[in-house]
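User: Can you walk me through the strands in this one? I'm new to this.

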Amino acid sequence: MSADALMPAGADALIEARGLRFAYEADRWVVDGVSLELKHGALAALIGANGSGKSTLIRLLAGLRSANAGEVLFSGQPLKGIPRKRLARSLAYVPQINPMIFPFTAMEVVLTGRTPYTPRFRFENRLDVEQALKALAMVGAAHLAPRPVTELSGGERQLVAVARALAQEPECLILDEPAAALDLKHRAALIRILRQLRDRQGMTALMVTHDLQLLDPAFDRVFAIHRGLLLAEGSPGQVLRDEVLSRVYEDPQVRARKLEGRTFVWSGT
Amino acid sequence: MDASRQDSAGAGSSPEPTDSSPQRPGNACRAAPRNLTRPLVLVLLFLAASTLVSLWVGYRLLDLSVLREDETARALFFQLRLPRVVMAGILGASLGSVGACLQAFFRNPLAEPFTLGVSGGGTLGASVAIALGWGITLAGVPMVFLAAFAGSAAAVLVVYWLSRTGDVVMPGTLLLAGVVVNLIASAGVILIQYIADYSRALQILRWTIGTIDAVGFDRIWRMLILLIPGWAILLAIARDLHLLAMGEESAASLGVDVRRCERLVYIASSLIVGVAVAEGGTIAFVGLIIPHAVRLVLGQDVRLVLPCSFLVGAGFLMLADALARTALASGELPVGAVTAVIGGITFLGLLRRQRRFSAI
């Protein structure tokens, strides 16, 4: 299944998926038997064509959906058995689209990231507010704190969503195309933040992305899925190759070239 | 490694507290935890004022000196006016809090018991019970309450089932389904009125408009048996609703059990609306305008908006009922008509404002 399974199966996996299968309708498998291991402290990317099952797979990994078959282990424990609140302290999820109807302020949104740490009938205290501000500052969005999120641009909202996840102080961050709405500078900044958190706190992150230029050399590991199956996994250098990417995207014209230590990917003539 | 620091300084127009200095003057209000005193004082003042006003005005103005001296005035006050004001408060609190709950849960500022057809379903259920006879009780609980509860619950289920596709509740379909459920329910009520005998048909007609009749405390106690659990559920899930108002997936990832919360919203809202409808008829738009008014003054936090909508809703309906009692020199207006006029106009205004958002 995995073309480049180089890493031996070890105990140091933070998230481990075993034979995951998932279908929204009967017998149309969106995720069709995926096994993978996300190591502690790894910055990993999940790539694949539109509709290949990326978002569904990370929802399964984040415990937002239950698989029809197979299981997910988090720190060696079955994900299903972990109480929600405890899981929310260790695992944060940044959804792809975050439609906002009510004009909550960015601060209010980020403060909800403190929910797993506050009792049900208590509002956030000064410490929580400080944490939220810190998270906002980390993504370079502290100035957005008092602004209603309904008035923010797509990219700014994306930053707020990431800040909320960071306010959860998670061990592991799962992000669904967080870079999609971000400009060049903020894209690079987001990757920098993820690397920083990995280096300083050993945070693990898995990020869905279509922007293949981001991957090499910033990421430790790349998973490529194709029609619900894990087609390739390995270091960016191992996955970002013409023959692998052509299969992942079903496009014979995909080219990947290394230039000044980075891999650039394009398609077409 | 300083990149993000630079970044924030570069992007921010004001000096930002990068790590632990959130107590700068410019950021003081942002860095402080939410202040709960001001909103609570405001809301309680409003509630106290509206209670006093609605106890005072009516067919006859009753103040303390009159109450102290006049025997009949005292009887009038304790047997008619006080229970009626309490009833208005209970109904307003119920509708206001359910409105706040439904708006957050469906992430739709136009959601409320009336627009979602919950009141309509309750009306149909209660009409059936009235056609069979007001007085029937089941283990002490009036049949009308139970039938209205069943009708409301059925309406919520139908509306939600229609508008939910996969993970998304489509706001347009939600309101459309509510309208259709309302139409079907009112058609059902008309049919029942035709079939039922004349006096009961009149009873149904009078009641559907939404009136708060002179009731004894006995009936209020019976309502409270059903309402208090419903209110308690709403208050208990206020934080979950706060998170859900920002998106279902992110709420789930923060530890909210979305399915359980959904069930609780069903049960609590149909229980509360069912009982409110059975007692007061369709009092439209209270559930809509109260949460909006509260948000205008206190902001968006659902954990604050929900309990405050409860209190402000109580005050508002007491005032609306006082207006209904006194607007005409002889007789009185149905309070449902008063709230429908005020609320309907507000609804149209909101609809117009909403066009700016792509949400609907």
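Analyst: One term to begin with: two strands count as paired if DSSP finds at least two bridges between them. With that in mind, A:Ile15 stands opposite A:Phe74 in strand 4 of chain A. Keep in mind that this is a predicted model.

User: OK. Which way do strand 1 and strand 4 of chain A pair, and over how many bridges?

Analyst: They pair in the antiparallel sense, over five bridges. In strand 4, residues 69-74, A:Glu71 stands opposite A:Arg18.

User: What holds paired strands together in general?

Analyst: Strands of a sheet pair through backbone hydrogen bonds.

User: How many bridges join strand 1 to strand 2 of chain A?

Analyst: Eight bridges join them, and the two strands run antiparallel. A:Ala23 stands opposite A:Trp29 in strand 2.

User: What about the hairpin of those two strands?

Analyst: It has five residues between the strands, and A:Asp27 takes a positive phi near 65 degrees there.

User: Switching topic: why is strand 1 of chain A largely enclosed?

Analyst: Buried here means under 20% relative accessible area. Eight of the 11 residues of strand 1 (residues 13-23) are buried, so strand 1 is largely enclosed by the rest of the structure.

Definitions and conventions:
Residues are numbered from 1 along each chain as its sequence is written. Chains are lettered from A and ligands numbered from 1 in the order in which they are written. This is a predicted model: local features need pLDDT of at least 70, side-chain atom pairs count only at pLDDT 80 or more; totals for chains, interfaces and linings use all residues. Side-chain values use heavy atoms; hydrogens and water are left out. Buried means under 20% relative accessible area, exposed over 50%, partly exposed in between (1.4 Å probe, protein chains only). Helices (H or I, at least four residues) and strands (E, at least two) are DSSP runs, numbered from the N terminus.
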